Each structure stands twice: as structure tokens, then as C-alpha cells.
Amino acid sequence: MRRILIVGAGQSGLQLALGLQAQGYEVTLMSNRTADEIRSGRVMSTQCMFHTALQHERDLGLNFWEDRAPRIEGLGVSVTGPDGGRAVDWLGRLDGYAQSVDQRLKMAGWMETFAQRGGQLVIHGAAVSDLDYFSRTYDLVLVAAGKGELVSMFGRDAARSPYAEPQRALAVAYVHGLGPRPEHPDTDAVRCNLVPGAGELFVMPTYTLSGRADILFWEGVPGGPLDVFKGVRDPSEHLALTLELMERFTPWEYARATKVELTDAHATLAGRYAPTVRNPVGRLPGGGLVLGVADVVVANDPITGQGANSAAKCAASYLDSITAHGDRPFDEAWMRATFDRYWETARHVTKWTNAMLAPPPEHVLNLIGAAGELPPVADRFANGFDDPADFENFFYDPDKAAGYLASAGTA
Ligand SMILES: Cc1cc2nc3c(=O)[nH]c(=O)nc-3n(C[C@H](O)[C@H](O)[C@H](O)COP(=O)(O)OP(=O)(O)OC[C@H]3O[C@@H](n4cnc5c(N)ncnc54)[C@H](O)[C@@H]3O)c2cc1C
């Protein structure tokens with residue numbers, strides 16, 4: 001059977017490894033951390049995944065936490081007005097529920113499953129020199145190492161990467177004790193609180209090591225009033241800052257957060273990165289080729305909560321491309337075609353995410369405002385998180401937006 005090496009045990013690497021393993025491929029998975037190290041380490045993401053991505057996991061029988069994780073039935077938007085109150089506040093209903101399972105739990109569990117099923121797990125932080133050797137001994141080497149150092153093998157695609165610098169400073173805290181949202185106490189939802197000019201606060205339910213929890217996630221425009229987490233090492237200081245900003249910019253969210261505490265000692269994360277699309281094929285010093293997967297080749301800002309969704313879609317698409325290729329060589333043409341097939345989905349995510357990082361044009365403000373009056377518009381927005389290709393139909397172009405609103409208003 002064909003031998004495949006996957007470097008990186010995150011959403012894409014593990015999903016692909018388990019998928020190939022189930023089809024009889026001889027898969028080696030290389031991870032720079034053991035399952036226990038991942039489980040007892042720092043939170044990595046907010047990892048809210050929508051229906052299509054969750055279905056890819058179900059298709060492989062990997063939805064181990066589905067019955068325990070909260071079902072996220074909606075996605076809401078609030079906008080802070082000039083008076084500090086809510087200028088906009090609505091909830092869109094998702095056609096299929098979303099879920100967030102702490103990646104510490106999921107990746108550790110999947111990694112153990114891969115090994116239990118006979119997969120070869122190598123704990124080693126791969127360097128380019130290792131890959132040079134492995135590209136000669138495996139039929140295919142896939143680099144699914146996220147935003148780590150190995151991305152330097154894949155050249156930046158400037159035409160597809162409009163931003164050279166990070167567009168948001170990120171600050172995440174997992175908490176217990178958040179009260180329900182009084183406007184919809186029985187509906188779990190992701191809440192996007194937009195603070196014009198300053199950034200966003202996302203609040204979402206998750207399933208973590210200690211059970212159900214909520215995530216408070218600030219995205220701050222660099223240099224602005226929300227970009228204050230740099231150098232904050234103490235988790236309790238991180239939480240105090242998070243709450244202070246909530247009280248000042250989103251008091252309606254603060255009102256339900258007065259009793260929160262961190263879920264564990266590693267429940268906070270801060271950082272920033274520039275959204276980047278890369279050349280999918282890496283050429284090694286010895287001439288071998290490797291194919292980049294998910295964040296390695298398309299890393300978007302988490303403002304739209306798409307990276308783990310995209311990683312699941314990328315893994316599913318690559319799995320199909322690999323199995324359909326049979327015994328033929330995994331050459332450069334196949335690698336580029338495999339990425340192009342994924343890019344057909346990913347390009348919509350990148351376009352929408354990059355648009356959301358920029359100040360919204362008037363027609364987008366109109367759409368967001370109208371969603372408060374017209375539930376079908378709110379629902380369509382919410383479901384765009386599952387299928388961002390739909391935004392082509394009503395979001396970017398002022399005429400299409402106006403036409404859609406006219407039809408939605410009279411429907
Ligand atoms: C703050 C934040 C919030 C987010 N929220 C969401 C969200 O709500 N929804 C969503 O869909 N996405 C979200 N994302 C994005 C999402 O987490 C990532 O896009 C997704 O995890 C990428 O999956 P991946 O498989 O490409 O890489 P990763 O999940 O990053 O996995 C890469 C793995 O490779 C390992 N590795 C790195 N270098 C090496 C090496 N040299 N050798 C061996 N192993 C190596 C790493 O340790 C890691 O385990 C968020 C991201 C951040 C930072």
C-alpha cells in the first residue's frame with residue numbers, strides 16, 4: 001500500500017491521517033507534541049465549526065464529542081453605538097448546528113485513536129532537513145504544521161495575500177460561570193460584538209477538558225484600545241483585562257460575565273499573525289516536493305471563525321484527491337491540481353475574511369442593520385459562516401446587496 005507522511009497533528013493532519021488510515025494507506029504522522037502534552041497545554045483556538053465541516057468529521061466517524069458539546073443553534077451580531085449601547089442586535093438561525101470542541105481534547109483524542117488503530121506516530125519536530133530525507137522514502141509528504149516555522153518552505157502568494165501585517169491582536173479566555181444571554185437564554189449561539197474602529201468581541205459556548213464552558217475572544221485593531229494583551233503572561237491578569245474591556249465596550253456582555261473564572265491554568269492565549277496564502281508546493285534542498293495543507297497554505301484571520309472549518313474541508317478534499325489518484329505518482333502537477341480543487345472553496349473564505357478585516361462599506365452596514373428587522377437576512381448571514389461562497393450573491397457588490405434587501409423586504 002502507498003506510504004504517506006503527514007507532518008503536524010492538528011485538525012487537518014489528524015483528520016487526513018485517520019481518513020487515509022481507514023482506507024488502508026500506510027500513514028506515518030509526525031507531531032512535535034505528545035497527546036498528553038497537547039491535552040495539558042495551552043488553548044489553541046476557539047475552533048467553532050459549522051455544519052459542513054462537522055459533517056466531514058461525522059463521515060469519518062470522528063465526532064466523538066458531538067453528544068456532549070453544546071449545540072450552537074444561532075449566530076448573532078451586536079454593534080456598539082456611539083452612546084455605548086447596542087445600535088444593532090440580532091440573532092440568525094443556523095440550518096445545522098455548529099459546535100466547538102477544545103482542540104486540546106480533540107487532537108489528543110484523535111492522536112490516540114490513530115495510534116490505537118495501528119498508525120505510526122512519531123513524536124518529533126520536523127525540520128526541512130528531515131523532510132528532504134523523507135521525501136525520498138515516502139510516496140507523498142504532506143505538511144500540515146499550521147502556522148509554524150515549516151511554512152517558510154512555501155512562498156507567499158502576494159496576489160492572494162492583500163495584507164502583509166497582522167490585522168488584529170488576538171486574546172482568548174476560556175471561562176466557566178458565564179450567565180445566559182437574556183435575549184435568548186435557551187438558545188446557544190456565537191455572538192459577534194462589533195466595536196466600530198476598535199475590533200470585535202466573540203463569545204461562544206465550547207466543550208473543554210472540564211466540560212461545558214464559554215470563550216471570550218477579543219480581536220483588537222493593532223494599536224487601538226483593544227490591543228493591550230501583548231506581554232501579559234499571567235492568566236488572571238489576562239482575564240481581568242478581558243473583563244475590563246467588556247465593561248467598557250460591550251457592557252451587555254459584561255453583565256453576564258461578573259461571576260466568570262478561567263477553566264484551567266492554560267485557558268488563555270494571545271498573539272497575532274498576518275493572513276497569508278502560499279504557494280502549495282514546497283521544494284526541498286534535495287529536489288523533493290511536499291504539499292502544504294490547510295493553514296500552511298491558506299491562513300486567514302480568525303475574525304470569521306473559518307480556519308478549523310477550512311482545515312476540515314481541506315483534509316476532506318485532499319483525501320478525495322489522494323484516493324482518486326490510485327497508484328499514479330504524486331507529482332507536482334497532481335499537487336497543484338489538488339490544491340486548486342481545495343482553493344475553489346478556500347478562495348471564498350479568504351475573500352470574505354479579508355473583507356471583514358477592513359472597515360465595512362455603507363452597503364454592508366445597511367445589510368447588518370437590515371438583519372435586525374428582517375429575520376431571513378439574519379439567517380442568511382449566519383448560514384454564510386457554513387458556506388461563505390453565498391456571500392458572492394449579496395454581500396460584496398452594492399447593487400446586489402440593495403437588490404437582495406429589496407427582495408427580502410417584500411418577500
Ligand atoms: C485565537 C484563534 C481563534 C480561532 N477560532 C477559530 C474558530 O472559531 N473557528 C475556526 O474554524 N477556526 C478558528 N481558528 C483557526 C483554527 O484554529 C486553525 O485555522 C486550525 O486549527 C488550523 O488547522 P491546521 O491543521 O492547519 O493546523 P493546526 O491546528 O495549527 O495544527 C498544526 C499542528 O502541527 C504541529 N507542528 C507545527 N510544527 C511542527 C513541526 N515542525 N513538526 C511536527 N509538528 C509540528 C503543531 O504543534 C500543531 O499540532 C482560530 C485560531 C486562533 C489563533
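Ala294 is buried, because 30 other C-beta atoms lie within 10 Å. A residue counts as buried if 20 or more other C-beta atoms lie within 10 Å of its own, exposed if 12 or fewer, and partly exposed in between, with C-beta atoms placed from the backbone. Ala294 sits in the loop between β16 (289-292) and β17 (298-299). Helices (H or I, at least four residues) and strands (E, at least two) are DSSP runs, numbered from the N terminus. Ala294 has a positive phi of about 50 degrees, although it is not a glycine. Most residues other than glycine have a negative phi.

This is a predicted model, in which local features need pLDDT of at least 70 and side-chain atom pairs count only at pLDDT 80 or more, while totals for chains, interfaces and linings use all residues. Residues are numbered from 1 along each chain as its sequence is written.

Gln47 also has a positive phi, near 45 degrees. Gln47 is in the loop between α2 (35-39) and β3. Gln47 counts as buried because it has 24 C-beta neighbours inside 10 Å.

Now the overall layout. The protein is divided into domain 1 (3-62 + 102-163 + 275-357), domain 2 (72-100 + 167-271) and domain 3 (362-410). These bounds come from an automatic or database domain assignment. Where does the ligand lie? Domain 1 and domain 2 both give residues to the shell around the ligand, so it lies between them.

That shell has 35 residues, and the closest are Gly8, Gly10, Ser45, Gly146 and Gly307. A residue is near a molecule if its C-beta atom, placed from the backbone, lies within 6 Å of it. Several elements each supply at least two shell residues, among them α1 (11-22), β2 (26-31) and β8 (169-176). The largest share, four residues, comes from α8. By class, the shell has 16 nonpolar, 17 polar and two charged residues. Ala, Val, Leu, Ile, Met, Phe, Trp, Tyr, Cys and Pro count as nonpolar, Asp, Glu, Lys and Arg as charged, and the others, Gly among them, as polar.

Helix α8 turns up again in the largest nonpolar core. A nonpolar core is a set of buried Ala, Val, Leu, Ile, Met, Phe, Trp, Tyr and Cys residues joined through C-beta atoms within 7 Å. This core has 121 residues, and Ile6, Leu16, Leu142, Val143, Ala144, Val293 and Val296 touch the most other members. The most residues, nine, come from α8. Ile6 touches residues including Leu16, Val27, Leu29 and Leu142, not counting those up to four places away in sequence. Two residues are in contact if their C-beta atoms, placed from the backbone, lie within 7 Å.

Ala316 is found in α8. Ala316 is buried, with 23 other C-beta atoms within 10 Å. Glu244, in helix α6 (residues 235-249), counts as exposed because it has 12 C-beta neighbours inside 10 Å.

Domain 3 remains. The centres of domain 1 and domain 3, taken over C-alpha atoms, are 32 Å apart. Their contact takes nine residues from domain 1 and eight residues from domain 3. On the domain 1 side, α9 gives the most, with four residues.

Finally, a helix pair. The axes of α10 (residues 362-371) and α11 (residues 375-384) come within 7 Å and cross at roughly 115 degrees. Axes are lines fitted to C-alpha atoms, for helices over the stretch in contact, and angles run from 0 to 180 degrees between N-to-C directions. Leu367, Ala370 and Ala371 in α10 meet Val377, Ala378 and Phe381 in α11. This contact has six nonpolar, no polar and no charged residues.
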